[in-house]
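The following report describes one protein model, taking its contacts, its strands and its metal site in turn. The sequence and the structure are shown first.

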Amino acid sequence: MTNMASMYCVKCKAKKEISDSDLTKTTVGKANRSALKGKCPDCGTTVFKFIKG
Ligand SMILES: [Zn+2]
């Protein structure tokens with residue numbers, strides 16, 4: 001089973017469902033906030049979603 005994450009694409013101005021297999025765990029900013037990084041399936045723009053931990 002593949003999990004899907006809802007991520008907002010700023011270019012499409014819409015939420016996109018991106019499968020876990022296309023997501024990378026990363027950290028963002030000075031505070032090293034955990035985030036998931038993925039690609040919009042429609043336009044290829046990088047999308048981020050902040051996560052806990
Ligand atoms: Zn997009």
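This is a predicted model: local features need pLDDT of at least 70, side-chain atom pairs count only at pLDDT 80 or more; totals for chains, interfaces and linings use all residues.

Lysine 16 belongs to strand S2 (residues 14-19) and aspartate 42 to the loop between S4 and S5, so the contact ties together parts of the chain that are 26 residues apart in sequence.

S1 and S2 form a hairpin with 4 residues between them, and lysine 13, in the turn, has a positive phi of about 55°. The pairing of S1 with S2 is antiparallel and extends over 6 bridges, with methionine 4 standing opposite serine 19 in S2.

A further set of 3 strands makes up an open sheet, in the order S3-S4-S5 and with antiparallel pairing. Strand S3 (24-28) and S5 stand at its edges, and each has a single partner strand, so one side of each is left without a neighbour in the sheet. On average, and with direction ignored, neighbouring strands of this sheet are turned by 40° against each other. S4 and S5, which run antiparallel, are joined by 5 bridges, and lysine 39 stands opposite threonine 46 in S5. Leucine 36 has its place in strand S4 and counts as buried, since its relative accessibility is 18%, under the cut-off of 20%. The C-alpha atom of leucine 36 is separated by 9.8 Å from that of aspartate 22, a residue 14 positions away along the chain.

The residue pairs described so far can be set side by side, each with the value given for it.

| Residue pair | Relation | Value |
|---|---|---|
| leucine 36 and aspartate 22 | C-alpha separation | 9.8 Å |

Which residues supply the protein donors of the zinc ion? The donors are the SG atoms of Cys9, Cys12, Cys40 and Cys43, which lie 2.2 to 2.4 Å from the ion. The angles among the 4 donor atoms run from 102 to 115°, and the site is tetrahedral. Written as a sequence spacing, the donor residues follow C-x2-C-x27-C-x2-C. Cysteine 9 in strand S1 (residues 4-9) and cysteine 40 in the loop between strand S4 (33-39) and strand S5 (46-50) are 31 residues apart, and this pair links distant parts of the chain. Both cysteine 9 and cysteine 40 are buried.

For the protein as a whole, a compact globule with 53 residues would have a radius of gyration near 10 Å, and the value of 11 Å found here agrees with that. Taken along the principal axes, the C-alpha atoms fill a box of roughly 30 × 30 × 15 Å.

Definitions and conventions. Residues are numbered from 1 along each chain as its sequence is written. Side-chain values use heavy atoms; hydrogens and water are left out. Donors are N, O and S atoms within 2.8 Å of the metal (3.2 Å for Na, K and Ca); water is not among the atoms, so sites may look incomplete. Four donors count as tetrahedral if all angles lie between 85 and 135 degrees; four count as square planar and six as octahedral if opposite donors are over 155 degrees apart and all others between 65 and 115; anything else is irregular. Helices (H or I, at least four residues) and strands (E, at least two) are DSSP runs, numbered from the N terminus. Buried means under 20% relative accessible area, exposed over 50%, partly exposed in between (1.4 Å probe, protein chains only). Two strands pair if DSSP finds at least two bridges between them. Axes are lines fitted to C-alpha atoms, for helices over the stretch in contact, and angles run from 0 to 180 degrees between N-to-C directions. The radius of gyration is taken over C-alpha atoms; the globule rule is 2.2 Å times the number of residues to the power 0.38.
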